[in-house]
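Please look over this structure before reading on.

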Amino acid sequence: MPQTHAIYAHPGEDLLSAVLQQFDVHDDHLFNITRTFLREMWDGLESYGHDMAMIPTFVRSTPDGSEKGTFLALDLGGTNLRVCEVNLHGDKTFSLRQQKYKVSDALKTGEATTLFDYLADSVDAFLTDSGSPTCALPPSLTPRDLTEASDPVDVHGSYIPLGLTFSFPVEQTALDSGKLLTWTKGFSAKNAIGNDVVKLLQDAFDRKHMHVRCVALVNDTVGALLSRAYTSGGCILGAIFGTGTNGAYVEDVANISKLGRSEEVKEGGLMVVNTEWGGFNNSRSALPSTPYDKKVDRESINPGKQGFEKFISGMYLGEIARNVIVSLIDVAPKSLLFSGHSSKQLNKQWGVDTAVLSEVEEAWEGIGRFAPEDSSRQPSVQQKLERIRDVIVRRMELPPDSVSLDDADIIRKICTHIAWRAARLSACAVAAVLVQTGRARLTRGDEEAKNTVTLVDEGKRIGVGVDGSLVEHYPYFEKKLRASLRVLVGDDVEHRVDIGLAKDGSGVGAALCALVACRQNITKQYHTVSEHEVANGLPQSLGPENSTCLDPLVRT
Ligand code: BGC
């Protein structure tokens with residue numbers, strides 16, 4: 001059983017307030033954190049090997065909604081594995097058919113080849129399922145075809161283009177290759193770090209003689225950015241607040257000085273950068289660590305890493321709350337919770353899911369699954385606390401008579417404090433991107449810039465695509481984030497920030513990148529084969545429509 005915090009309460013001491021106050025982030029801290037964030041962004045843009053990796057993605061433009069085609073997308077996130085068939089209709093809309101598969105702990109922590117074989121099996125199962133696009137595909141490649149061809153794409157042009165959304169830090173070297181820097185979110189599969197994840201996946205497809213070709217690699221944040229741009233016509237930041245947290249934004253290539261004198265820099269223009277902000281401030285010099293955060297970090301599989309993520313994301317909030325709860329149960333000489341009772345669930349690491357915090361807050365606010373049928377009748381405080389007590393009994397597996405209404409109230413306060421802190425810190429990341437891209441100034445301490453620098457896109461809407469369980473389901477997460485954003489960048493800018501859910505962003509983003517890759521591939525082949533052959537080189541149901549139309553995506 002993991003150790004708990006030993007707390008001794010002195011007579012008359014308001015221990016609960018003292019514990020809760022540790023989770024308050026004052027405005028001064030918000031500014032300090034945002035400034036540190038901006039400094040760390042610059043470090044990452046300047047050279048390799050920093051906490052915030054600031055990864056160039058080789059995505060040079062964002063879509064405008066006119067893109068068309070049907071693509072396969074494979075999405076390995078934190079919790080699920082998804083295979084989707086995405087149909088981009090070319091009018092800002094899309095349709096999507098998907099299948100989710102579970103990724104067991106054994107797969108997350110076993111051999112990388114086993115994990116990637118499972119990914120390939122899932123794609124195979126999806127394609128084999130009824131209604132799959134395989135009906136329009138050429139016959140499977142034989143092992144001979146594959147070994148004799150230097151490049152499977154060249155085999156009668158008969159492959160299904162697939163975009164891979166891989167939601168881990170990957171140092172990209174091209175649109176279709178990149179090395180895994182480190183695992184996050186509880187993954188630790190062996191022999192993957194340092195390897196090209198596209199190759200690991202392609203090898204798995206080839207081992208199974210599948211006519212699928214991984215043509216593009218994207219992070220889920222890049223997917224959120226691209227898909228939001230596709231559906232809304234403009235977006236500068238894609239952010240995930242889910243099991244993990246991260247953001248990708250559109251940067252001036254000239255600022256990515258670590259690219260040196262590469263072709264991209266010579267060309268100029270813009271490039272999407274995957275910040276990997278989950279790794280912001282691993283030193284914890286600016287982040288407001290409590291003893292609970294330190295314990296959660298120490299007991300995680302990546303101590304000292306993903307500093308920011310461990311304050312914000314769904315993987316950790318429940319675990320922070322569990323540690324606070326257990327420490328209050330154990331307070332001596334007199335317990336502060338559940339008359340000193342604990343439960344198997346509470347004693348187990350990861351025993352409290354962030355969804356429990358969400359449910360407690362919904363029960364208090366009377367929203368979501370607790371929304372009243374008749375909204376004119378407001379429940380009393382007692383009724384709300386009774387609902388919370390039910391959630392606690394059920395989700396923390398405690399005997400009903402050990403949970404009082406006072407306990408329910410304490411649990412509610414713990415949840416609210418932890419979630420508020422997460423939302424306030426998330427606002428720092430969004431504010432930093434707005435400042436970095438010249439769309440905002442900090443409202444404090446930027447006096448000189450206020451008079452001399454004009455803002456980019458002054459007066460225009462600022463598109464932000466978001467996805468993830470916290471922002472989608474946690475009560476008022478966005479509202480809380482916005483309140484802190486207002487403090488940091490002022491009402492006018494906050495008002496213009498148009499935060500929209502990039503639902504299915506991972507799938508749609510991967511499809512959009514696959515489209516770019518196919519167009520680039522077609523461009524390459526264009527000089528050696530006839531236009532007719534190019535147009536017919538791709539399976540009819542999968543691939544970009546109007547494949548002879550080679551316009552790049554719109555420059556933002
Ligand atoms: C990963 C990022 C990812 C984020 C959200 C983090 O743990 O490092 O690559 O974008 O989770 O899924």
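1. **Ground rules.** This is a predicted model: local features need pLDDT of at least 70, side-chain atom pairs count only at pLDDT 80 or more, and totals for chains, interfaces and linings use all residues. Residues are numbered from 1 along each chain as its sequence is written, and side-chain values use heavy atoms, with hydrogens and water left out.

2. **Elements.** The protein chain holds 21 helices and 14 strands. These are DSSP runs (helices: H or I, at least four residues; strands: E, at least two), numbered from the N terminus.

3. **Burial.** The protein chain has 556 residues, and 56% are buried. Buried means under 20% relative accessible area, with a 1.4 Å probe and protein chains only.

4. **Contacts.** A contact means heavy atoms within 4.5 Å. Take the contacts in the protein chain with a separation of 6 or more: 72% join residues 24 or more positions apart.

5. **Aromatic pairs.** Rings of Phe, Tyr and Trp (its six-membered ring) pair if their centres lie within 6.5 Å; planes under 30 degrees apart count as stacked, over 60 as edge-to-face and the rest as tilted. The count is 14 aromatic pairs. Why is the pair of Trp183 and Phe187 stacked? Their ring centres are 5.5 Å apart and their planes are at 25 degrees, so the pair is stacked. Trp183 is buried, at 5% relative accessible area. Phe187 is buried too, at 2%.

6. **Cluster.** Ring pairs also link Phe37, Phe241, Trp277, Phe280, Phe308 and Phe477 into a cluster.

7. **Charges over rings.** Here NZ of Lys or CZ of Arg must be within 6 Å of the ring centre and within 35 degrees of the ring normal. Lys185 has its charged end over the ring of Phe168, 4.7 Å from the centre. Lys384 has its charged end over the ring of Trp364, 4.4 Å from the centre.

Key. Buried means under 20% relative accessible area, exposed over 50%, partly exposed in between (1.4 Å probe, protein chains only).
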